[in-house]
Structures are given as structure tokens and as C-alpha cells.
Amino acid sequence: MRAPAISTRITKLFNCRYPILLPGMSWISSPELVAAVSNAGGIGILATGPLNAEQTRTSIQKIRSLTDKPFGVGATLLMPGAAENAKVALEEQVPVINVSLGKAEWIADGLSQYGGKLLATVTNQKHALAAIETGADALMVTGHEAAAHGGNVTSLVLVPSFRRQFPDTPIVAAGGFANGQGLMGALSLGADCVAMGSRMAVTQESPLAQATKEAIVQATEHETVFGDKFDGIPARVLKTPIADQVMAKRPYLPTIAYRAFQSAREMNIPMWKVLPGLITQFEKMFVIAQFGAATEAIQSATVNGDLKNGVQFIGQCQGMIHDIPHVDDLVQRTVMDARNIHLNQREIFDESYKMAPASASSLQA
């Protein structure tokens, strides 16, 4: 028997059965994994960071050959090629586009032409306000526990805070969620859905290298490293000797300058802007330099399973990942566990509380 559906603002907005989302993770959120999550009742987001426009279109068509359920496409607008990939998603009328690190008014306008939805990834109030003003239909609120680029505040605080500040905007909670306890906890905090990136990465359908999956299964919640030295943006990765090394200190200035020129060339930034930028906007140029340089290390770990030379993004919830299940089994287990927790929690309260309806203020507190 399959787990009963869960009705939240996100399941209604995205037309999915369960409030469980696969975020777009480069070299992991493939068409096959996206389709598996959507077929299981959640919603999968295709990672387009490593793809060009033609590959994005082919991937979207591949997803549609594997599922008739809603899905989404991710676009990190800071990165080269992201705008072109988002344009393809609009042309293909993808149901959901998930954006981060950039202005997305034109994407919101395009989505409105066919009823698509805009999901904006944010880590703080400033970015959340900007996203809502842009036309975001929902926010993916990313806490400090998350893999890769989480915020400075934990999900336990960030989610209820955003629910209070933005009560009319549906929330996907990201960072620290890997099982039914997390799903039930997120819903109690005021979220309408959970993103389970690290957990979905360690499934049978995930293309993540087997050696890396097995390393994550063996790791604890303590075995991550967080810092801004790796790709220029504060990020969380699996703790390994190479991760400790790249997070320990910034490269020397000549190395940063060389990487900045290389990345600028790939991003079609005029060379004459790079040198002044290194002087007047060093932090921005550092991000550009490191983001490009990190690609090879990420691929080594994610695609090749080489954790001696590669670096793997992972969340603290790896301490709750103990197996490598099929996606559908994972989703069913997560939903059923959340449902059982919900039913068992009622025994904590006495009869007078069981019948007391929740107030609007308590839901937004």
C-alpha cells in the first residue's frame, strides 16, 4: 500500500503528491534521477550548470520520455550559460524553474505566459524580499546545514523566521533533511516541503560515483567542512584531507589572478575588466576565480569517485544516511515515517489539547 498523499501549499502549487524535492545538483540531478523523484510523487529539479543550451533541451526531452509528472529546471544565473539554459526551459514550457544568484524578472515574465512557477533559492531576508518582488511563487530557504552553499543560519531558526516574515509565500526547507523526522519537523516549523539533496544523491538512481556514495554512508554528521576558500562562496563539503587543505587558506594572489583571467574568458567577461576588478572588487573576482577552478575537483569526486583529489559537496544530514535505496522506496519510507511520527506525537498532549485548533499566530510564530 502506498503512503497517502500530503497536501501543502507546495504540493498544490507544483501539482505533486508529496512535499519532497530534489534540488538541482551538478552531475547528480540527471534526467534519470529527476524523473525517478517525480515518478515517486515528489518533484525533481534538473541541474543545468554543466550543460549548454542544446544539452539542456535534450535533457528536458529525456525527462519527458521518462515521466508525465511535473518537474523543474535549475539555473544559477551567475554562471556562464545559465541564462541561455533558462531560455530553453521557457521555450520547452517546463513547469518549474528554480533560480539562484541573479535577477529573474524576465524568467518570471516568461513563466507567466504558460502558468509555470518560479522557485527562488535564498539564504537571507534581503534575497528573499528581492525574489518575491521579482515574482517568485515560492522560496527554497537554505539553512547552514545544507550541502554546498547554505546560509549562516540553521534551518531550525531560518524556516520559522521566514514563515513569519513571508506568510503568503510557500517555503521549501533545505538543509538538514533526510528522513521522515526531518519532513515532519520542517512542516511543524512552517515549511511546505523539504529539499533532500544529499539524501537523494545517495540512491540507486543517482549517478553519483559509487565510491562517493559509500563514503557518505560511512561518514558522520561531524565529517563535513564549511568555508569560503574552495569555490569562493561559503560552502559545505565532505571532510577529507584534500577538503581540509583547500579550505585552510586562500591561494596566493598570482594563482587567484590567473584563475580569474581563465574564468573571465569562459564567462565572456572582457579582459580589461579583470585587472581593475582584482584591485577594486577583489572579493567578487575571487569568487569568479575559485568557482571556475573548483569545477575539476567537484567532477573528480562526483563523477569519478576520486576523494583523494576531488571535493564533494554534502550536507550535515549525511550522518542520517545509512543505505543506498531506490528513490521510490526512500520517498515511501520518508512519508510513512513522517505520518507515523505525526500520529504518535498526539499522545504527548492530553485530551484538552488534542481538540484545540492551532491558531494562525502559532503557525506563523
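Tutor: A residue is called buried when its relative accessible area is under 20%, exposed when it is over 50%, and partly exposed in between. The model before you is a predicted one. With a relative accessible area of 26%, Trp27 is therefore partly exposed. Trp27 sits in the loop that runs between strand S1 (20–22) and helix H2 (31–39). What draws attention to Trp27 is its backbone: its phi is near 65 degrees, a positive value in a residue other than glycine. Most residues other than glycine have a negative phi.

Ala148 also has a positive phi, of about 60 degrees, although it is not a glycine. Ala148 belongs to the loop between strand S6 (138–142) and helix H7 (155–165). Its relative accessibility is 16%, so Ala148 counts as buried.

The wider setting begins with confidence. The mean pLDDT of the chain is 88, and 83% of its residues reach 70 or more. Over residues 271–280, however, the pLDDT is below 50, although this stretch has 14 contacts in the model beyond near neighbours in sequence. Where pLDDT is low, the predicted coordinates should not be read in detail.

In soluble globular proteins, nonpolar side chains tend to be buried together. For Ile107, the partners in contact, leaving aside neighbours within four places in sequence, are Leu77, Ala86, Leu90, Ile97, Val99 and Leu118.

Gln113 is found between helix H5 (105–112) and strand S5 (117–122), and at 67% relative accessibility it counts as exposed. The C-alpha atoms of Gln113 and Leu90 are separated by 9.2 Å, while the two residues are 23 residues apart along the chain.

Aromatic rings give a further view. A search of the whole structure finds two aromatic pairs. One of them joins Phe162 and Phe166 edge-to-face, at 5.4 Å centre to centre and with 75 degrees between the planes. Phe162 counts as buried at 2% relative accessibility, and Phe166 is buried as well, with a relative accessible area of 8%. Phe230 and Phe313 form an aromatic pair that is likewise edge-to-face, with 6.0 Å centre to centre and 70 degrees between the planes. Because Phe230 lies in the loop between strand S9 (224–227) and strand S10 (235–238), and Phe313 in the loop between helix H14 (282–302) and H15, this pair ties together parts that are 83 residues apart in sequence. Phe230 is itself buried, at a relative accessible area of 6%.

In helix H11 (residues 241–248), Ile242, Ala243 and Met247 are buried. Seen down the axis of H11, the buried residues fall within an arc of 125 degrees, so they line one face of the helix. These buried residues pack against S9 and S10, whereas the face of H11 turned away from them carries the exposed residues Pro241, Gln245 and Ala248.

Thr203 is placed in the loop between helix H9 (197–201) and helix H10 (210–218), and its relative accessibility is 0%, so it counts as buried. Its side chain reaches the backbone oxygen of Met200 at 2.8 Å. Not counting residues up to four places away in sequence, Thr203 touches Leu33, Lys213, Ile324, Pro325, Val327 and Leu330. Gln332, in helix H15 (residues 327–345), is buried too, with a relative accessible area of 11%. The side chain of Gln332 reaches the backbone nitrogen of Ala3 at 2.6 Å. Met1, Arg2, Ala3 and Tyr18 are the residues in contact with Gln332 once its neighbours within four places in sequence are left aside.

Definitions and conventions. Residues numbered from 1 in each chain as written. Predicted model: local features only at pLDDT ≥ 70, side-chain atom pairs only at ≥ 80, totals over all residues. Heavy atoms only, no water. Helix = DSSP H or I, 4+ residues; strand = E, 2+ residues; numbered from the N terminus. Buried < 20%, exposed > 50% of the residue type's maximum accessible area, 1.4 Å probe, protein only. Polar contact = N/O pair within 3.5 Å; in protein donor to acceptor, adjacent residues only side chain to side chain. Contact = heavy atoms within 4.5 Å. pLDDT = per-residue confidence, 0-100. Phe/Tyr/Trp six-rings, centres within 6.5 Å; stacked < 30°, edge-to-face > 60°. Arc of directions from axis to C-beta.
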